[in-house]
Amino acid sequence: MGRNPSHLSPIVPPEPRAFVGRAPRAARLLACLGLAGFALTRVILHGGLPPFFEGDSYKYLGGADSLRAGLGLPPLFRDLPVTGGVLHAVPGYAWFLRMVWALAGGICLAAVPWANAAVALAGYLAAADLMRRLDGALPGALLLVLLAWSPPLAWLEHLLMPDVLAAPIFFLAAWIVV
């Protein structure tokens, strides 16, 4: 008839597989390869090129400059009936740029891709950890490699736009909730 699963409690979930210690050697090697690839691609891209601007980058740079000057967010971010406000511009990215500039000691456009990359890496690590919890160390490490080495994601981090951080912040939020 088979085994009686009465000793398994449906209330207590099984322990997640640990990534460090009990992880297969290949998973640790892949994770290290992913982190090394992330560092290498970002040094080449962010260290060698000026940041990329998109048509709406001016909104966020202007918002951050207004915050830096102590004037608060410009009307573009506040006036919903006139400009679309928060439906058209993400005020949080202006605050993010302001924080980056404060940490850099002044307006420093070159620091923005590095800050974008730091948030992205945190998100990629969160996604890899979620995958590890769901399916084991090797799939988690493989996901980290795929995200860390992805040329389109690296390029997006070099763009001065809030879209860059959407997926990493989603990964972080899911990781916090789960």
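Student: Which residue forms a salt bridge with Arg42?
Tutor: Glu157 does, and the closest N and O atoms are 2.8 Å apart. Keep in mind that this is a predicted model.

Student: Where do Glu157 and Arg42 lie?
Tutor: Glu157 is in helix H8, while Arg42 is in helix H1, residues 25-48. The pair therefore ties together parts that are 115 residues apart in sequence.

Student: Is Glu157 buried or exposed?
Tutor: Glu157 is buried, because its relative accessible area is 1%. Anything under 20% counts as buried. Arg42 is buried too, at 2%.

Student: How many salt bridges are there in the whole structure?
Tutor: A search finds five. One of them joins the side chains of Arg68 and Asp65, at 3.0 Å from N to O.

Student: How far apart in helix H2 are Arg68 and Asp65?
Tutor: They are three residues apart, so about one helical turn separates them.

Student: And how accessible is Arg68?
Tutor: Arg68 has a relative accessible area of 40%, so it is partly exposed. Asp65 is partly exposed as well, at 33%.

Student: What about Asp129 and Arg132?
Tutor: Their side chains also meet in a salt bridge, 2.7 Å from N to O. Both residues lie in helix H6, three residues apart, which is about one turn of the helix. Salt bridges with shared partners join Asp129, Arg132 and Arg133 into one network.

Student: Let's zoom out. How many helices and strands does the protein chain have?
Tutor: Nine helices and zero strands. From the N terminus on, the order is α-α-α-α-α-α-α-α-α.

Student: What share of the residues is buried?
Tutor: Of the 178 residues in the protein chain, 37% count as buried. The chain exposes about 10500 Å². Carbon and sulfur atoms supply 72% of that area.

Student: What about contacts between residues at least 6 apart in sequence?
Tutor: In the protein chain, 71% of those contacts join residues at least 24 apart.

Student: Next, helix H5. How many residues does it have?
Tutor: Helix H5 has 14, residues 91-104. From its first C-alpha to its last it reaches 20 Å. That is close to the 20 Å expected at 1.5 Å a residue.

Student: Which residues of H5 are buried?
Tutor: Pro91, Tyr93, Ala94, Phe96, Leu97, Val100 and Trp101.

Student: What do the buried residues of H5 pack against?
Tutor: Three helices: H2 (57-68), H3 (75-78) and H6 (111-135).

Student: What follows H5?
Tutor: Gly105 does, and its phi is positive, near 85°.

Student: Switching to His158. Where does it lie?
Tutor: His158 sits in the loop between H8 and helix H9, residues 166-177.

Student: Buried or exposed?
Tutor: His158 is buried, because its relative accessible area is 0%.

Student: What does the side chain of His158 join up with?
Tutor: The side chain of His46, through a polar contact of 2.7 Å.

Student: Which residues does His158 touch?
Tutor: Leaving out residues up to four places away in sequence, His158 touches Leu45, His46, Leu49, Pro50, Pro51, Phe52 and Pro113.

Student: Now the surface. Which residues form a nonpolar patch there?
Tutor: Leu33, Leu40, Ile44 and Trp149. Together they have about 400 Å² of accessible area.

Student: Where is Trp149?
Tutor: Trp149 is in the loop between helix H7 (137-148) and helix H8 (151-157). Its relative accessibility is 37%, so Trp149 counts as partly exposed.

Student: Last one, Ala174. Where is that?
Tutor: Ala174 is in helix H9. At 22% relative accessibility, Ala174 counts as partly exposed.

Student: How far is the C-alpha atom of Ala174 from that of Gly123?
Tutor: The two C-alpha atoms are separated by 9.6 Å. Along the chain, Ala174 and Gly123 are 51 residues apart.

Definitions and conventions. Residues are numbered from 1 along each chain as its sequence is written. This is a predicted model: local features need pLDDT of at least 70, side-chain atom pairs count only at pLDDT 80 or more; totals for chains, interfaces and linings use all residues. Side-chain values use heavy atoms; hydrogens and water are left out. Patches are made of residues with over 30% relative accessible area and no salt bridge: like charges are joined within 9 Å, nonpolar side chains (Val, Leu, Ile, Met, Phe, Trp, Tyr) within 5 Å. Accessible areas come from the Shrake-Rupley method with a 1.4 Å probe; for residues, only the protein chains shown count as cover. A salt bridge is a side-chain nitrogen of Lys or Arg within 4 Å of a carboxyl oxygen of Asp or Glu. Helices (H or I, at least four residues) and strands (E, at least two) are DSSP runs, numbered from the N terminus. Buried means under 20% relative accessible area, exposed over 50%, partly exposed in between (1.4 Å probe, protein chains only). The expected span of a helix is 1.5 Å times one less than its number of residues. Contact means heavy atoms within 4.5 Å. A polar contact is a pair of N or O atoms within 3.5 Å; within protein, one must be able to donate a hydrogen and the other to accept it, and residues adjacent in sequence count only if both atoms are side-chain atoms.
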